[in-house]
Amino acid sequence: MKKYKPIIDDWDAFKAESDEHPVNAVRKNPLKAKEDFEEKLAERFQYEKADWADGIYRLDTESPGKSLLHWRGEYYVQEESAALPIEVLDPKPGEKVLDMCAAPGGKTTQIAAKMNNKGLVVANDESSQRMKSLHANVYRTGSAIVDATNYDARRLPEEKFDRILVDAPCSGEGDRFYETFTAIDEQDSRDLAKLQFQILEKASQMIREGGTVVYSTCTISPIENEGVVQRAVDETELELKEIETSIPHVEGVDSFEDLDYDADMSKCVRVYPHHVNSGVIFVAKLEK
Ligand SMILES: C[S@@+](CC[C@H](N)C(=O)[O-])C[C@H]1O[C@@H](n2cnc3c(N)ncnc32)[C@H](O)[C@@H]1O
């Protein structure tokens, strides 16, 4: 991981965090949560509310999935930082939204909740195995406006959408952070970057004029993050937009090792594990 030292804002805090456990967090599901949600939560867990978004609770437990509130879909177990892409996508009731890489459905169900089950969400994933958990999560959370499809996102049939999420398959240096604190092979990142760009390019064709595309990953690698966004800005009709958020973060980078990107990449958001005791997340907001 040492190669990332130049782009980490507080190296000591970042390194120290790798010896910790991420704090387990859940997202309240307003489609299912009852009025006594916080009372019931307090009966089972000690909790603290995140202050940068509504409905995110940090719990003092290793097993947030073992509770009636989870089984009944009143909350969804989700890393705190993973809630950011949909805060940025900001889907509205009545819209038509595409989630191109959706399984197991954490962000899909967050989209349906934000839309108050009004409109349409198409949740797509290439993996038929992972589609099973997507279906189960959509059902459990009462996300009634979700239709699921099983395509390679690059070959989705032509349709236009108001908002599109590309929560891309990635090397997951963020996910592995707490376990190994090792970087992944650079060639793996380059291979993934090709696929990530092709999916984002397809999103640029499927978004309506003026529509919003959010690109997110859970990796630190600039090759899979700013590198992919740079190609999208250079080679498609997508334009990078400013993100307004109060989650602790640093800006996207304009250089890394021998790679240079536009200064505009500062509009992207990087959340590191030490920022909110959670996984890495990278988010870019684009508009056509
Ligand atoms: C980061 S995960 C998505 C997590 C999901 N958005 C959530 O919040 O629960 C990336 C997903 O991309 C899927 N995937 C990989 N290649 C794909 C492709 N070519 N087209 C569509 N989905 C793909 C994987 O099966 C995986 O489920």
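A: Two strands count as paired if DSSP finds at least two bridges between them. In this predicted model, strand E1 (residues 25-28) and E4 are joined by three bridges and run antiparallel. Within this pairing, Arg27 has Tyr76 of E4 standing opposite.

The pair belongs to an open sheet of four strands, arranged in the order E2-E3-E1-E4 with antiparallel pairing. At the edges are E2 and strand E4 (75-77), each of which pairs on one side only. From one strand to the next, the twist averages 30°. In general, the strands of a sheet pair through backbone hydrogen bonds, either parallel or antiparallel.

Glu48 and Arg58 form a salt bridge, with a distance of 2.6 Å from N to O. Because Glu48 lies in strand E2 (residues 47-49) and Arg58 in strand E3 (residues 56-59), the pair ties together parts that are 10 residues apart in sequence. Glu48 is partly exposed, its relative accessible area being 45%.

Another joins the side chains of Glu87 and Lys114 at 3.1 Å, N to O. Here the partners come from two helices: Glu87 lies in helix H4 (residues 84-89) and Lys114 in helix H5 (residues 106-114), so the pair ties together parts that are 27 residues apart in sequence. Glu87 is partly exposed, with a relative accessible area of 27%, and Lys114 is likewise partly exposed, at 31%.

The side chains of Glu186 and Arg190 meet at 2.8 Å, N to O. These residues are four apart in helix H8 (residues 186-206), so about one helical turn separates them. Glu186 counts as partly exposed at 33% relative accessibility, and Arg190 is partly exposed with a relative accessible area of 36%.

Two serines in loops complete the picture. Ser143 is placed in the loop between helix H6 (128-140) and strand E7 (146-149). Buried residues have under 20% relative accessible area; Ser143, at 3% relative accessibility, therefore counts as buried. Apart from neighbours within four places in sequence, Ser143 is in contact with Leu31, Thr109, Ala112, Asn117 and Val138.

The other serine, Ser278, is found in the loop between helix H10 (273-276) and strand E15 (281-287). With a relative accessibility of 1%, Ser278 also counts as buried. The side chain of Ser278 reaches the backbone nitrogen of Glu80 at 3.4 Å.

Conventions: Residues numbered from 1 in each chain as written. Predicted model: local features only at pLDDT ≥ 70, side-chain atom pairs only at ≥ 80, totals over all residues. Heavy atoms only, no water. Buried < 20%, exposed > 50% of the residue type's maximum accessible area, 1.4 Å probe, protein only. Contact = heavy atoms within 4.5 Å. Polar contact = N/O pair within 3.5 Å; in protein donor to acceptor, adjacent residues only side chain to side chain. Salt bridge = Lys/Arg side-chain N within 4 Å of Asp/Glu carboxyl O. Axes fitted to C-alpha atoms, helices over the stretch in contact; angles between N-to-C directions.
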